[in-house]
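This report looks at a handful of places in one protein structure, taken one after another. The sequence and the model come first.

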Amino acid sequence: MNFPSAPDQGSKTLAERLAHHVDVLAGLIGPRSLAQPKALAATATRIENELSRSGYSVQRQSFSADGATVDNLIAEVRGSAEPETIVVLGAHYDSTPMTPGADDNASAVAVLLEAARLFRAVAPRRTVRFVAFACEEAPHYHTDEMGSVVYARSCRARHEHILGMLCLEMVGYYTTARGSQQVPPGIPRWLRGFFPKRGDFLAAVGNLRSWRVAWRFRRGFKRAVRFPLFSICLPERIEEIRRSDNSSFWDQGYPALMLTDTSFLRNPHYHRASDLPDTLDYERMAAVTLGVVGAVRRLSGG
């Protein structure tokens, strides 16, 4: 299946650029956690350099985790008409210590970097921020040391108006095999028939308060690219929808979506040593990137 590639620097297509980012993060650097502090620091430097190469001034938000200093990385395009209204596109850059983390979460970092690069050609009415979070994985998950918790709390402390946060969480694994897609255990039986059976789509999942952002995201994504998108807003008591950085923003009262290939509900390599770069579908990731850029444009008035 061939999807369109975006205009590009040099000879590489968008899919090739995404594959290169994942190869560096999950292949060259490898597992990225505080158990591998040099690898985690190298990942932060790599992200900072790539954003700088795309023309951004990068801010580091430093905080302490397990007694070490780690950094969230922030770049933004300031809005021309409503700069105090903010759209956040974010992804965590750490992995669990036992996995190279190609899908979880190098795939999302790759999409974040390429979306930021492509967005340099856009003049949005509202401010757009690209944020790479440290320490999403256990033991930091849902603690005060989780990077997105630190960032979302700082946004609330500054009384910032975040129109919506889009969380990139594992966006690289796709399969057309029937029965390859599982349904979250918390979904009621009467609703299960509405869920896809093949793992060939991107999911955009929100809580009930995020339905307006979900609607705008869907319209922008679908206008930008032809790619299967399953969007749904569910009660937060369904535990599976709180398993990434989107929940940090929900806890601060901000609308947010998790954009995902559905993780362990599809990908058999989740949190395993087999989560390698060659398991991902970079052509589909390229389509997802273009769709996300289209959605961010719509949300930001670009």
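## Ser 244 and its contacts

Setting aside neighbours within four places in sequence, Ser 244 is in contact with His 92, Glu 136, Tyr 141, Met 146, Cys 167, Glu 169 and Met 258. The model that shows these contacts is a predicted one. Ser 244 sits in the loop that runs between strand 7 and helix 6, the latter covering residues 246–250.

Is Ser 244 buried or exposed? Its relative accessibility is 0%. The cut-off for buried is under 20%, so Ser 244 counts as buried.

## The largest pocket

Met 258, one of the contacts of Ser 244, also belongs to the lining of the largest pocket. This pocket has a volume of about 440 Å³ and is lined by 31 residues. Those nearest its centre are Glu 240, Met 258, Thr 262, Ser 263 and Phe 264.

Strand 6, strand 7 and strand 8 are the elements that each give two or more residues to the lining of the largest pocket. Of these, strand 7 gives the most, with three residues.

## Helix 5

Helix 5 is made of 14 residues, 211–224. From its first C-alpha to its last it reaches 20 Å, close to the 20 Å expected at 1.5 Å a residue.

Which residues of helix 5 are buried? They are Val 213, Ala 214, Phe 217, Gly 220 and Phe 221. These residues lie on the same side of helix 5, because they cover an arc of only 135° around the axis. The other side of helix 5 carries Arg 212, Trp 215 and Arg 223, which are exposed.

## Nonpolar cores

In soluble globular proteins, nonpolar side chains tend to be buried together. The largest nonpolar core in this model has 70 residues. Val 22, Tyr 93, Phe 119, Phe 130, Leu 166, Leu 168 and Phe 217 have the most contacts inside it. Helix 3 (residues 102–119) supplies the largest share of this core, 12 residues. Apart from this core lies another, of 27 residues, with Val 88, Val 131, Val 183 and Phe 230 among them.

What does Leu 166 touch, not counting residues up to four places away in sequence? Its contacts are Val 88, Leu 89, Gly 90, Val 213, Phe 217, Leu 257, Leu 259, Val 296 and Leu 299. Val 213 and Phe 217 are also among the buried residues of helix 5.

## The cavity

How many cavities of 30 Å³ or more does a search of the whole structure find? The search finds one. The largest cavity holds about 30 Å³ of space, and its lining consists of Arg 17, His 21, Glu 50, Leu 51, Ser 54, Leu 113, Glu 114 and Arg 117.

Helix 1 (14–29), helix 2 (37–53) and helix 3 are the elements that give two or more residues to this lining. Helix 3 gives the most, with three residues.

## Pro 188

Pro 188 is placed in the loop between strand 5 and strand 6.

Pro 188 and Ile 238 are 50 residues apart along the chain. Their C-alpha atoms are separated by 9.5 Å.

Key. Residues are numbered from 1 along each chain as its sequence is written. This is a predicted model: local features need pLDDT of at least 70, side-chain atom pairs count only at pLDDT 80 or more; totals for chains, interfaces and linings use all residues. Side-chain values use heavy atoms; hydrogens and water are left out. Helices (H or I, at least four residues) and strands (E, at least two) are DSSP runs, numbered from the N terminus. The expected span of a helix is 1.5 Å times one less than its number of residues. Buried means under 20% relative accessible area, exposed over 50%, partly exposed in between (1.4 Å probe, protein chains only). The arc is that of the directions from the helix axis to the C-beta atoms. A nonpolar core is a set of buried Ala, Val, Leu, Ile, Met, Phe, Trp, Tyr and Cys residues joined through side-chain atoms within 4.5 Å. Contact means heavy atoms within 4.5 Å. On a 1 Å grid over the protein atoms alone, a cavity is a set of points where a 1.4 Å probe fits but cannot get out, and a pocket is an open set with protein on both sides within 12 Å along at least five of seven lines; lining residues have an atom within 4 Å of a point. Grid points are joined across faces, edges and corners, and a volume is the space filled by probe spheres set on the points.
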